[in-house]
Amino acid sequence: MSTLRVILGDQLNVAISALADCDKANDIILMCELKQEAGYANHHKKKLILIFSAMRHFALELTERGYQVDYVHYTDPDNSGCFEQEVLRACQRHQSNHVVLTEPSEHRVLEAFESLSSEQINLHIREDDRFFCSHAEFQQWAHGKDTLRMENFYRLLRKRHNILMDGDKPVGDRWNYDAENRKTPKGKHDFPLPYRQKQDEITQHVVTLVATEFADHFGSIENFDFAVTRKQALAVLDKFIEQRLTLFGDFQDAMLAGEAWLYHSHIGMYLNLGLLLPAEVVQRVEQAWHESNPPINAVEGFIRQILGWREYVRGIYWLQGPDYKNQNFLNAQNDLPEFFWSADTELNCLKQCITETKDNAYAHHIQRLMVLGNFTLLTGVDPHQVNAWYLAVYADAYEWVELPNVSGMVLYADGGLLASKPYAASGAYINKMSDYCKSCRYKVSLKNGADACPFNYLYWNFLISNRDKLESNFRLGMSYRTLDKMSEDKRSLIQSDARVFWASVTAE
Ligand code: FAD
Ligand code: DLZ
Ligand code: SF4
């Protein structure tokens, strides 16, 4: 009897565990484009094009390699739209009840597969071994610890996988070069152009599909030029290593109006789809360091993002379970402002970041964390709504990586499991790391009043409003001491400015 091997939309790699021991002559590979998956979030149009086009190209690659692929297209008349029914239909078509699957990357999809009755289906779920750290290893590391700090986890993985190590010491005798990675670009920079892939016939068909079926989804459909095959994604990685890696560290946190891509790698979307594997990315960057000697702050900073942060947030996601998304430590209840979808706001930093997100399905880490996220934290937006937005708007967004970043890192909704303090900041931080304030209608130097930068009074208002939950955090001690030195009148002014501002936002 043949085995049905299901490949999900973010498992697009021939090394995926579901394909190990595949009998090309007998086994069938099932891939399906599904209404349920395309519709559970208001996915950006470019994200949908990326996923469907990459799935179609991967199916073609498998066929060329001699595999038998049963591909269910979005518009196939009998397409039920969900994984469970498509597996049952395929079992009937191929007269098989033996199904092999690599573990889905998110709880929702895992639960859908587990709901299939064992009387109907003999289902084998295999580990997703694309990651450096398995669920069991993460659990073992987390066991008995009060705090789960990324830095400790990252050092363990550096040692365990012998990455950037000199015997049992870190190369250069330092684990972390973050302090050197906070420069703002002064003077003129000729940023390298990002990788641009011309649309082939497969992609053109998908663009038409998305334009027709998902016209009401968020984001611009114009000029889709992402990589859609593994070969193209490897070219993106090569281009990064050749042209951007050297300055990646220095300007990792910088933001410039009109410059969406800077010195970042833009590979997150390909890693998360399976087109690139984290181990090969880390290995290539470490090799580039040996061969052409880019600065260690860039190399270590980049490897930390992938070996450290990416593995760590995945560990937290699975450790915390499906209920993590319901945590709301700060009891934030406000609605997400409408301008997060339209970019129609006078706050220039938000306008720039949301416009780039609409155009490109991309914004880099500091834009997501310190502008967009910081605003939702300071204004107390309900975590469910913030998560729904981030899950929709970025091409690299999948719940396992989006949720810990948003609920843990941005919103402090888990009460400090992931972050040692909320990443709250006033306009001064945004002004230091960007050129956004220069062309803003608000004045970053003003602390109160109609022309003051809203981040300034929102920051202090946030500390006042959440005092009972935050004042015992020793990393906020200095801020609370500064707050306490303010006069009663000053604190009232902060609170009334925040109220007036929020009323104007919600009235829009
Ligand atoms: P680079 O800056 O070049 O970094 C290299 C790689 O490191 C990234 O491709 C990514 O794989 C990894 N990485 C860096 N930071 C993180 C992180 N905090 N968590 C996990 N991986 C990281 N990343 C996603 O992949 N999907 C998401 O849905 C997502 N949502 C985010 C939401 C918020 C609020 C924040 C603050 C961060 C989020 N990130 C997410 C992390 C990070 O912003 C993106 O991975 C990065 O911007 C992708 O662009 P890049 O490939 O150019 O990354
Ligand atoms: C995100 C997504 C989208 C938009 N569409 C599909 C799809 O049609 N078929 C599919 O197999 N996967 C899709 N995905 C990815 C899934 O939502 C989900 O993230 C993965 O299946 C989990 O491993
Ligand atoms: Fe953003 Fe304030 Fe700067 Fe305007 S002044 S861009 S609102 S930080």
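**Ligand 3.** I began with ligand 3 and listed its neighbours: L347, N348, C349, I430, Y436, C437, C440, Y442, V444, C453 and F455. This is a predicted model, so I am reading everything below as computed from it. I then sorted that shell by class and got ten nonpolar residues, one polar and no charged ones.

**Ligand 1, who is around it.** Next I went to ligand 1. I counted 30 residues around it, and noted H264, S265, H266, N272 and Y362 as the closest. Sorted by class, the shell around ligand 1 comes out as 17 nonpolar, nine polar and four charged residues.

**Ligand 1, polar pairs.** A backbone N or O atom of H266 is 2.7 Å from an oxygen atom of ligand 1. On the nitrogen side, a polar backbone atom of D396 lies 2.9 Å from a nitrogen atom of the ligand.

**Ligand 1, where it sits.** I found ligand 1 in the largest cavity. Then I asked which elements give two or more residues to its shell, and wrote down helix 10 (268-273), helix 12 (296-320), helix 15 (365-378) and helix 17 (399-410). At the domain level, I see at least three shell residues from domain 2 (135-192 + 244-320) and at least three from domain 3 (339-507).

**Ligand 2, who is around it.** Last stop was ligand 2. I get 20 residues surrounding it, and the closest are D10, C32, L34, E37 and E106. By class I have twelve nonpolar, three polar and five charged residues in that shell.

**Ligand 2, polar pairs.** A polar backbone atom of C32 is 2.7 Å from a nitrogen atom of ligand 2. E106 uses its side chain, with a polar atom 2.6 Å from an oxygen atom of the ligand. I also noted S105, where a polar backbone atom sits 3.0 Å from an oxygen atom of ligand 2. As for cover, ligand 2 has 480 Å² of accessible area on its own, and the protein covers 100% of it.

**Ligand 2, where it sits.** The space that ligand 2 takes is the second largest cavity. I looked for elements giving two or more residues to the shell and found helix 1 (35-39) and helix 2 (45-64). Helix 2 has the largest share, with four residues.

Conventions. Residues are numbered from 1 along each chain as its sequence is written. Chains are lettered from A and ligands numbered from 1 in the order in which they are written. This is a predicted model: local features need pLDDT of at least 70, side-chain atom pairs count only at pLDDT 80 or more; totals for chains, interfaces and linings use all residues. Side-chain values use heavy atoms; hydrogens and water are left out. A residue is near a molecule or strand if one of its heavy atoms lies within 4 Å of it. A polar contact is a pair of N or O atoms within 3.5 Å; within protein, one must be able to donate a hydrogen and the other to accept it, and residues adjacent in sequence count only if both atoms are side-chain atoms. On a 1 Å grid over the protein atoms alone, a cavity is a set of points where a 1.4 Å probe fits but cannot get out, and a pocket is an open set with protein on both sides within 12 Å along at least five of seven lines; lining residues have an atom within 4 Å of a point. A molecule sits in a cavity or pocket if more than half of its atoms lie within 2 Å of its grid points. Ala, Val, Leu, Ile, Met, Phe, Trp, Tyr, Cys and Pro count as nonpolar, Asp, Glu, Lys and Arg as charged, and the others, Gly among them, as polar. Domain bounds come from an automatic or database domain assignment. Accessible areas come from the Shrake-Rupley method with a 1.4 Å probe; for residues, only the protein chains shown count as cover.
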